[in-house]
Amino acid sequence: MKTAATLWREVFLHISAKLRRSVNLMEVCGSHSMAVARSGLRALLPDNVKLLSGPGCPVCVSASSFIDRTILLNRRGVKTAVFGDLLKIPGSLGKLRDENGLLVIYSPEEALEFARRHPHTETVLAAVGFEPTAAVGAAVLDSAVREGLTNFSVLCDFKHLRPVLDELASDPKTALSGFLLPGHVGSIIGVSGYRNLSLPGVVSGFEPENILYSLKMLLEMIADGECSVKNNYPQLVAEEGNRTALQLIDRYFTAADGEWRGLGMVPGGCWKIRDEYAAFDAACKYDLKVETPAGAPSGCRCGEILRGYLTPEECPLFGSACTPENPVGSCMVSSEGACAAAYHYRQVAI
Ligand code: SF4
């Protein structure tokens with residue numbers, strides 16, 4: 001009897017014969033990068049189909065300047081709450097793991113709760129993430145505003161995914177043919193938030209079978225010359241998304257130009273706290289001017305990997321000078337970074 005792997009391989013070979021050309025696909029989500037690497041499913045794809053990793057790991061794309069400003073806040077005695085994933089990310093002032101007194105949190109609510117319990121302590125949530133975390137950040141801001149907390153603010157580095165998808169779709173160097181779209185972000189922005197991309201896309205969940213089926217759908221669309229967005233994660237993603245979350249995001253944030261590590265300044269690529277809530281915006285409340293030099297650590301190719309120009313294995317430092325124990329760049333730091341995923345699961349075979 002044929003194994004599932006053999007059957008999937010045959011399915012992809014059948015579609016690839018219809019394609020009659022090479023295609024580059026991109027998974028735009030750190031959770032997808034990790035699931036793809038862990039399951040070894042790239043090995044099932046035909047030679048003319050390449051699945052690249054994109055800039056969908058929020059820790060990987062957190063700007064150096066954001067790390068520097070977080071360090072500055074902490075050094076000034078402000079109780080600064082950070083996600084544990086950020087601790088090893090390099091900024092020009094160092095790494096957060098080398099700072100004393102940080103409040104390491106798992107969810108934004110923990111920072112708010114700390115501020116409530118310590119009304120005389122200035123507390124800042126240093127917040128990163130895409131729309132799902134931005135929605136939680138907006139809910140936390142909503143509570144702080146309603147409660148009139150004066151000792152709580154947010155240093156905001158929430159990322160707006162859609163502008164980057166449009167940028168990647170039009171990059172001739174990557175020459176993408178389609179996107180495996182993040183289900184988590186889709187649960188907030190809905191399928192409608194991905195509509196009118198210039199390339200086909202499939203909103204996908206994270207189980208290997210779901211990803212394989214999403215890739216099949218995507219390749220069939222490409223083979224048929226169809227450019228639309230399909231939903232292969234309907235259990236979590238609705239057409240219009242999560243209206244409550246979208247309203248909260250819209251109430252407290254506005255899309256603004258912002259820096260993505262490795263990609264540079266992205267027009268409309270970040271969520272900024274609206275001016276009317278400036279009292280809760282740490283970037284307005286504190287003087288956080290810092291000269292952060294541009295560019296990646298020496299030899300690091302994260303920017304090219306996040307754009308799909310290179311695979312992690314093509315970086316000369318991969319697995320030698322750069323490992324998860326001694327990461328050089330952000331893509332090797334986060335558990336969902338493309339380089340970390342490729343390193344941890346480099347020997348996985350289906
Ligand atoms: S392997 Fe390390 S140095 Fe190379 S791109 Fe990835 S994170 Fe940067």
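**Close-up of helix α1 in the predicted model.** In this predicted model, helix α1 is built from 16 residues and spans 23 Å between its first and last C-alpha, which is close to the 22 Å expected at 1.5 Å a residue. Just after α1, the backbone at R20 adopts a positive phi of about 55°.

**Close-up of the packing of helix α1 with helix α8.** Two packed helices are described by the angle between their axes and the distance between the axes. Here the axes of α1, residues 4-19, and α8, residues 208-224, come within 9 Å and cross at roughly 15°; with angles under 35 degrees counted as roughly parallel, α1 and α8 are therefore roughly parallel to each other. The crossing in which α1 passes α8 is left-handed.

**Close-up of the residues that join α1 and α8.** On the α1 side the contact is made by W8, V11, I15, K18 and L19, and on the α8 side by L212, K216, L219, E220, I222 and A223. By class, the residues of this contact comprise eight nonpolar and three charged, with no polar residue among them.

Conventions. Residues are numbered from 1 along each chain as its sequence is written. This is a predicted model: local features need pLDDT of at least 70, side-chain atom pairs count only at pLDDT 80 or more; totals for chains, interfaces and linings use all residues. Axes are lines fitted to C-alpha atoms, for helices over the stretch in contact, and angles run from 0 to 180 degrees between N-to-C directions. Helices (H or I, at least four residues) and strands (E, at least two) are DSSP runs, numbered from the N terminus. Angles under 35 degrees count as roughly parallel, over 145 as roughly antiparallel, 65 to 115 as roughly perpendicular and the rest as oblique. A crossing is left-handed if the near helix is turned anticlockwise from the far one by less than a right angle, and right-handed if clockwise. Two residues are in contact if their C-beta atoms, placed from the backbone, lie within 7 Å. Ala, Val, Leu, Ile, Met, Phe, Trp, Tyr, Cys and Pro count as nonpolar, Asp, Glu, Lys and Arg as charged, and the others, Gly among them, as polar. The expected span of a helix is 1.5 Å times one less than its number of residues.
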